[in-house]
Amino acid sequence: MTAESHLQGVEISAAQFFEIWHHYDSDGNGYMDGKELQNFIQELQQARKKAGLDLTPEMKAFVDQYGKTTDGKIGIVELAQILPTEENFLLFFRCQQLKSSEDFMQTWRKYDSDHSGFIDSEELKSFLKDLLQKANKQIEDSKLTEYTEIMLRMFDANNDGKLELTELARLLPVQENFLIKFQGVKMCAKEFNKAFEMYDQDGNGYIDENELDALLKDLCEKNKKELDINNLATYKKSIMALSDGGKLYRAELALILCAEEN
């Protein structure tokens, strides 16, 4: 069955949901926008009509919101809200404790305890367990293992059995995921190291809040299309959530500003 045919059903499986997501997020950037989003809306309407089904209230509200605009953008959590699945555990993450990038970063910091820049399958399992508990969702260990495997299949782009910060951040609604804004301003390792040394003005090996403020102001000025200087305080607060007692070390800042090099 194709991703389009799955849109006809009243209820789809988690595997079918992920197939739909990967089909329409054709460039793999973690969200649907522009032509991707318009194609999804058009094919959703056509598939439901072909199956003799009306749009659900959630689908109709979604179409009304995004159907007439070309600058809309949705992430996987927004999609989960409109496609009825057999058991859509993604919605469990929309709990109060995961309502912002700052909250998410603090949770990440807890589980990436070795500062490696990723969490492996066992760490991911603990991560998901805590998030589900915060959403008042108690699940059996076998189901938690299944969810962990699903998350790896869904987000582990290079199939190395672990997730990076930007991969797991797709659990956040797009409007709360400030990391999306930084995708277009990432530097190569050489550029990043040069910038870190420039803004680590006292040469103590880490960047404090004032130094980060200066760095972000310059980034906003140079990248006005991607970054909004009016959101500077939010960017800073979220990034400092990765710090160690106000000390933002090179490895943590690299998660935000340094692109991987092949």
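Author: A residue counts as buried under 20% relative accessible area, as exposed over 50%, and as partly exposed in between, using a 1.4 Å probe and protein chains only. This is a predicted model, in which local features need pLDDT of at least 70 and side-chain atom pairs count only at pLDDT 80 or more, while totals for chains, interfaces and linings use all residues. Residues are numbered from 1 along each chain as its sequence is written, and side-chain values use heavy atoms, with hydrogens and water left out.

Reader: Which residues are buried in helix 6?

Author: Helices are DSSP runs of H or I with at least four residues, numbered from the N terminus. In helix 6, the buried residues are S101, D103, F104, M105, T107, W108, R109 and Y111. Helix 6 (residues 101–111) is largely enclosed by the rest of the structure, because eight of its eleven residues are buried.

Reader: How many residues has the largest nonpolar core?

Author: In soluble globular proteins, nonpolar side chains tend to be buried together. A nonpolar core is a set of buried Ala, Val, Leu, Ile, Met, Phe, Trp, Tyr and Cys residues joined through side-chain atoms within 4.5 Å. Here the largest has 75 residues, and F40, L83 and F182 have the most contacts inside it. Helix 8 (residues 141–155) gives the most to this core, with seven residues.

Reader: What is F155 in contact with, leaving aside its neighbours within four places in sequence?

Author: Contact means heavy atoms within 4.5 Å. On that basis F155 is in contact with I76, L163, E167, R170 and L171. F155 is found in helix 8 and counts as buried, at 3% relative accessibility.

Reader: Where is L227 found?

Author: L227 is in the loop between helix 12 (209–222) and helix 13 (232–240). L227 counts as buried at 3% relative accessibility. Not counting residues up to four places away in sequence, L227 touches K181, F182, V185, L219, C220 and Y235. L227 and F182 are 45 residues apart in sequence, yet 7.5 Å apart in space, C-alpha to C-alpha.

Reader: At what angle do helix 2 and helix 3 pack?

Author: Axes are lines fitted to C-alpha atoms, for helices over the stretch in contact, and angles run from 0 to 180 degrees between N-to-C directions. Helix 2 (residues 14–24) and helix 3 (residues 34–50) pack at about 135°, with axes 9 Å apart. Helix 2 is therefore oblique to helix 3; under 35 degrees counts as roughly parallel, over 145 as roughly antiparallel, 65 to 115 as roughly perpendicular and the rest as oblique. I20, H23 and Y24 of helix 2 meet E36, N39, F40 and E43 of helix 3 in the contact.

Key
Helix = DSSP H or I, 4+ residues; strand = E, 2+ residues; numbered from the N terminus.
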